[in-house]
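Me: I have a structure open here and would like to talk it through with you. Could you take my questions as they come?

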Amino acid sequence: MRGWLTALRMARREARRAKGRSLLVIGMILLPAAALSFLAVGDDNFTLTPEESADRAMGTAQAVISWPYGGPVQQLHDFLDALPGRDTPPPPAAEPTDEALLALLPAGSRVIPYRLGTLTMRTATGTGTLSARMLDYADPLAQGIYTQLSGRAPANPDEVALTRSAASRLGVDLNGSVSLADGSRTFRVASLVEDPKELKATTIILPPQQLRLSEDRADRQWLAATPSTLTWTQVKELNTHGVTALSRYVLAHTPSDAELYQTGVHRSSGSHGIPPDVFTLVAGVATLEVVLLAGPAFAVGARRRRRELALVAAAGATPAQVRRIVLADGVVLGAVAAVIGAALGIAAGAVLRPVLEKSFGYRAAADFGVSPLAQVILICLAVLTGVLAALVPAWITGRQDVVAALAGRRGITRTRRRWPVLGLVLAAAGIGVVIFGATLDDEDRQFPVILIGVIVFELGLVACTPALVGLVARLSRWTPLALRIALRDTSRNRTAAAPAISAVMAAVVGTIAVGVVSISITAREASESAGQPGDVIVLRINRDGSGGVRGVPADAIERLRTVLPVASAHEINMPNCSGRCFIHPAIPAAIACPYSGDVLGHLPNADEQRAARADRRCDDVRRVNRYFSGTYGTDSGLAVILDDTSASAMVSMPAGDAEAVNAAMRGGAVVVSDARYLESGRALLGIGEIGSDGPERTVTAPGFLLPRGAKAPIAMMTSETARSLGFVPAPFGTLVKTSRMPTVAEEDAAAAVLGTEYDLVVDRGSEPDNQMLIILAIVAAVITLGTAAIATGLMAADGRADLATLGAVGASPRVRKLLSLSQSGVIAGLGSLLGAAAGLGVSTAVLAALNQRFAGIWPAPTPFPIGVPWLNVALAVVAVPVVAMLGAGLLTRARLPIERRE
C-alpha cells in the first residue's frame with residue numbers, strides 16, 4: 001500500500017459497489033465540468049483576433065476612414081471618432097471627394113464609399129426609422145462586413161438588401177418591395193444579409209447612389225486599400241487634415257502610451273472573449289461550489305466505510321494510507337466525470353452555437369474550434385475537484401479513533417474555537433479585498449481582485465458554518481420533536497451537513513450579489529436620463545433644408561391618441577433672442593468650474609482633472625446631459641418655456657411640489673434645479689451667441705429652487721416670463737406622457753399617422769435585465785433544491801439506524817416524513833438565509849466602494865444606487881426552502897426501517 005495503485009483499485013471497487021452514491025458524485029462534478037467546457041468552447045469561438053475584428057469592421061480593406069473636420073483632430077487608436085482641438089476650424093462647405101482623400105493617402109491607394117445614416121420607411125404597422133448603410137458589399141474590399149443569407153447583392157439603385165430583423169419589421173421577404181415613408185422611392189429586396197457584429201441589427205443596405213442618409217460628415221466614410229499597411233504615424237498625419245482612420249495594422253499593433261494622444265480619455269479595444277484571469281477565477285468559484293456539493297457525499301461514503309477503514313488501520317495501515325484510500329475515490333470519480341463532462345461540453349458548444357451567439361451580445365461566432373490545452377486543463381481541474389471534495393473526509397478518516405470506529409461510536413458534537421475565528425478573519429479579509437478591488441483604477445485588475453475577495457469571503461463563511469450549525473442546534477429544545485431531531489442530527493453530523501449548507505449559501509450569495517449589481521446598474525443608467533421611460537417627443541421638422549422646427553398642432557396630437565396610450569401632451573418651447581443664441585441656467589463666475597470643456601477647449605488632462613477634483617466649484621459637473629429621449633444634448637444645462645401646469649411633466653415630482661412649482665411659475669419666477677443657479681435669490685441665465693467665441697452675457701430673474709432637484713440641469717419659465725426677460729419663445733416640440741411603454745408597432749403606427757414632416761422618438765429607458773435575474777434565480781433554486789435533496793438523502797441513509805431505533809420505541813411512521821421534511825428545511829433554509837444576507841452585504845460593499853472610487857474621478861460619474869432583487873431574495877429565502885421541504889415530505893417513504901444494530 002505504499003503506492004496509489006492499490007488505493008485506486010479499492011476506489012474502483014467501491015464505486016461499483018455503491019453505484020448510487022458514485023453516480024451522484026459523478027453527476028455533481030460532471031455538470032460544472034461540462035459547463036466550464038461549454039464556456040471554454042464559446043470563448044474560443046467568440047474571442048476574435050485583431051484580424052477577425054478588422055474583417056468585420058472594414059472587410060478586406062486596410063482602413064476605414066472618415067473626414068469630419070477641416071483642421072487638426074485627435075483620435076483614439078481603436079476608435080474612429082475625432083476629438084477636435086479648440087482652434088480646429090469647421091469643415092469647408094463642399095463635402096470631401098474620393099480624389100481629395102486619395103491625395104492624402106499613399107500613391108496607388110483605392111477607396112470605395114461607405115455611408116451611414118437612417119431612412120424612414122413604411123413598415124408592417126406604419127412608419128419607422130431604420131439604420132441604413134450605403135455600400136457595395138459585393139466589392140472585394142467590403143467582403144466580410146455582411147454575410148449573404150439569400151438572394152444576390154443589389155445590382156442597381158432600385159434594389160436593396162435587408163437584415164432579417166429589418167425584413168421582419170418591414171413585413172417583407174426576398175423579392176418583396178419596400179418604400180420610403182414619403183412614397184418617393186420604392187426598392188426591391190434583392191437579398192437578405194446578416195451583420196456579424198450585431199445579429200439583431202435592423203438595417204437596410206443600399207448600393208452607392210444619390211440618396212442622403214445623414215447630414216453628419218462623420219457618417220461619410222470610405223474603405224481604403226493601400227499598397228502597404230497604414231501605420232499609426234500615417235494615421236496621425238491624416239489627423240492633421242481633419243481625417244480619422246481605423247487601421248487594420250494599428251488594431252493588431254497597439255501603439256505605446258507615449259505614441260498615443262494625451263487626451264485624458266482611455267478606450268480599450270478589449271477582447272470579445274473572457275479574460276484568462278477572469279475565466280480562471282470563475283472556474284475557481286465553480287470548483288469551490290462542486291467541492292461543497294460533493295463533499296457531503298464523500299463524507300457519507302467514508303462514514304459508511306468507517307468500520308472497513310478502521311479494520312485497514314487495525315491491520316497496520318498508517319493514517320496517510322487510510323487518507324489515500326478515501327482520496328482515491330475522488331480521483332476515480334473525478335476522472336470519469338471529467339472525461340464525460342468535457343465531451344458533453346464540446347458537443348453542446350457545437351450544437352448550441354445560436355444560443356451562444358445570443359448570449360455573447362448577438363454577435364456571430366468565428367469558425368468553430370476547440371482549444372485542446374483548455375480542455376486538458378478543465379479535465380485536470382475536474383479531477384482536482386474530486387480530490388478536493390474528498391480531502392476533508394479523508395483527513396477526518398485518517399484521524400479517527402480506530403477503537404471508537406470498530407465499536408460504532410460516531411459523531412462530531414462540537415467545533416473547535418479556532419475554526420469560527422479563522423472563518424471570521426477570512427470573511428473580514430474577503431470583504432477588505434472586495435472593497436480594495438472595487439477602488440482600483442485598472443479595470444483589467446479590478447474584476448479579478450473582486451472575485452478573489454468573494455472567494456475568500458465565501459471560504460470564511462464555510463469555516464464558520466459548522467459552529468453556526470451547532471449554535472442553531474442549541475435552540476432545538478423549544479422545537480417540535482421532528483425538528484429537534486433534525487437540528488441535533490445536523491449538529492452531530494456537521495462534516496456532512498456543513499458543506500451542504502455552505503453549497504446552498506455559495507449559490508445564493510452569487511445570485512443575490514449579481515442581482516443587486518444588475519439592478520443598480522440599470523437604476524444608474526435610468527438616473528442619467530432627464531426624461532422618464534415611456535415619454536414620447538414629437539418634433540415638426542422643416543424639410544426644406546433650413547433645419548428649423550415648427551410647433552406641433554393640436555390635431556396631430558389628436559391623431560396620436562388613436563394609436564398611442566397618451567395620458568397628456570405638453571408644448572415645449574425654447575427661449576431665444578433676436579439673433580442665433582442659446583440660453584441655459586448659469587453658475588455665477590465666482591463659483592463656476594474653470595476646468596470644463598467649454599473653458600479649456602479640450603478634455604481635461606490628468607493634472608487638470610486632479611485640480612478639478614480638489615476644486616469644490618467643479619462638484620457634480622457632467623460632460624453632456626441628454627433631454628427629450630436623447631434628441632437634445634448639451635453640457636451647459638437646458639432652459640425651456642412651458643405653461644404653468646407642465647413642470648411635473650418635464651421633471652418628475654410629487655403632487656405637493658408640483659403645486660408649489662406651478663404657483664412660482666405663474667408668479668413670474670424661473671424654476672431651477674440647483675441652488676448654484678441662484679445668486680442672491682435670483683435665477684441666473686447665460687446667453688451665448690451660436691458660432692461666437694465671445695464671452696456670454698447673463699440676465700437674472702426671480703428664482704425658485706426645485707424642492708427635490710432634477711436628473712439634469714434645467715431652468716423652466718412661462719412664455720410671459722421669457723418675454724419679460726427679452727426672450728422670444730421658439731417652437732421645439734411636444735412632450736407626450738403615456739400611461740405605459742408604447743410597443744414598436746404602436747411607435748410605427750404613430751409615425752405613420754403623423755406623416756413625414758414629423759419626427760417621433762420614444763424614450764425606452766434602461767429596463768432591468770429581468771431575464772438574467774430569472775435565470776440566476778432558477779440556477780440558485782436548482783442548486784438549493786438539489787443540494788437539499790442530496791443532503792437529506794445522505795443524512796437519511798446515514799441515519800437508518802436512528803430511524804430503526806425510533807420505530808422500536810414506538811414512533812409513528814409520520815415522524816419519518818416530518819424528520820425528512822425538517823432536515824431538508826434546515827439545510828435549504830439556513831443556507832439560503834446565510835447566502836441572502838452575505839450576498840446583500842458583499843454587493844453593497846462593492847457598490848459603495850465603486851461609488852467611493854468614482855468620487856475621485858472628474859467629471860464625476862453618477863453613483864450606483866443600492867437596489868434589492870426582491871424576486872431572487874423571495875425565491876431564495878422563502879419559496880425554495882418551502883418547495884424543498886414539501887418535496888422531501890412527499891418523496892420520503894413513511895415506513896420506518898427495521899435493522900439489526902451492531
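This is a predicted model: local features need pLDDT of at least 70, side-chain atom pairs count only at pLDDT 80 or more; totals for chains, interfaces and linings use all residues.

Me: Switching to helix packing, at what angle do H1 and H10 pack?
Reply: Helix H1 (residues 5–17) and helix H10 (residues 319–351) pack at an angle of about 65°, and their axes are 8 Å apart. The crossing of H1 and H10 is right-handed.

Me: Which residues make that contact?
Reply: From H1 the contact takes Ala7, Leu8, Met10, Ala11, Arg12, Glu14 and Ala15, while H10 contributes Arg324, Ile325, Ala328, Asp329, Val331, Val332 and Leu333. Sorted by type, the residues of the contact between H1 and H10 are 10 nonpolar, no polar and 4 charged.

Me: What about H18 and H24, how far apart are their axes?
Reply: The axes of helix H18 (residues 554–561) and helix H24 (residues 744–754) are 9 Å apart, with a packing angle of about 145°, and H18 passes H24 in a right-handed crossing. Ala556, Arg559 and Leu560 of H18 meet Ala750, Val753 and Leu754 of H24, a set that divides into 5 nonpolar, no polar and 1 charged.

Me: Next, H3. Which of its residues are buried?
Reply: In helix H3 (residues 50–58) the buried residues are Ala54, Arg56 and Met58. Seen down the axis of H3, these fall within an arc of 165°, so they line one face of the helix.

Me: What do they pack against?
Reply: The buried residues of H3 pack against strand S1 (63–66), strand S11 (220–225), strand S12 (244–247) and helix H7 (248–252). Just after H3, glycine 59 takes a positive phi of about 65°.

Me: You mentioned S11; is glutamine 221 buried or exposed?
Reply: Glutamine 221, whose place is in strand S11, is buried, with a relative accessible area of 9%. Leaving aside neighbours within four places in sequence, glutamine 221 is in contact with Val64, Ile65, Ser66, Leu80, Ile112, Pro113, Tyr114, Arg115 and Leu116.

Me: Which residues does glycine 839 touch?
Reply: Not counting residues up to four places away in sequence, glycine 839 touches Val509, Ile512 and Ala513. Glycine 839 sits in helix H27 (residues 813–854) and is buried, at a relative accessible area of 0%.

Me: Threonine 721, then: where is it found?
Reply: Threonine 721 is found in helix H23 (residues 719–724) and counts as buried at 4% relative accessibility. Beyond four places in sequence, threonine 721 is in contact with Met665, Gly668, Ala669 and Val670.

Me: Now the loops. Is alanine 589 buried or exposed?
Reply: Alanine 589, in the loop between strand S16 (581–585) and helix H19 (597–600), counts as exposed at 72% relative accessibility. Alanine 589 and arginine 617 are 28 residues apart in sequence and 9.9 Å apart in space, C-alpha to C-alpha.

Me: Last topic, backbone angles: what is phi of serine 680?
Reply: Phi of serine 680 is near 55°, a positive value in a residue other than glycine. Most residues other than glycine have a negative phi. Serine 680 lies in the loop between strand S21 (678–679) and strand S22 (682–689) and is exposed, with a relative accessible area of 77%.

Me: And where does asparagine 175 lie?
Reply: Asparagine 175 lies in the loop between helix H5 (164–170) and strand S8 (177–179), and its phi, near 75°, is likewise positive in a residue other than glycine.

Notes: Residues are numbered from 1 along each chain as its sequence is written. Side-chain values use heavy atoms; hydrogens and water are left out. Axes are lines fitted to C-alpha atoms, for helices over the stretch in contact, and angles run from 0 to 180 degrees between N-to-C directions. Helices (H or I, at least four residues) and strands (E, at least two) are DSSP runs, numbered from the N terminus. A crossing is left-handed if the near helix is turned anticlockwise from the far one by less than a right angle, and right-handed if clockwise. Contact means heavy atoms within 4.5 Å. Ala, Val, Leu, Ile, Met, Phe, Trp, Tyr, Cys and Pro count as nonpolar, Asp, Glu, Lys and Arg as charged, and the others, Gly among them, as polar. Buried means under 20% relative accessible area, exposed over 50%, partly exposed in between (1.4 Å probe, protein chains only). The arc is that of the directions from the helix axis to the C-beta atoms.
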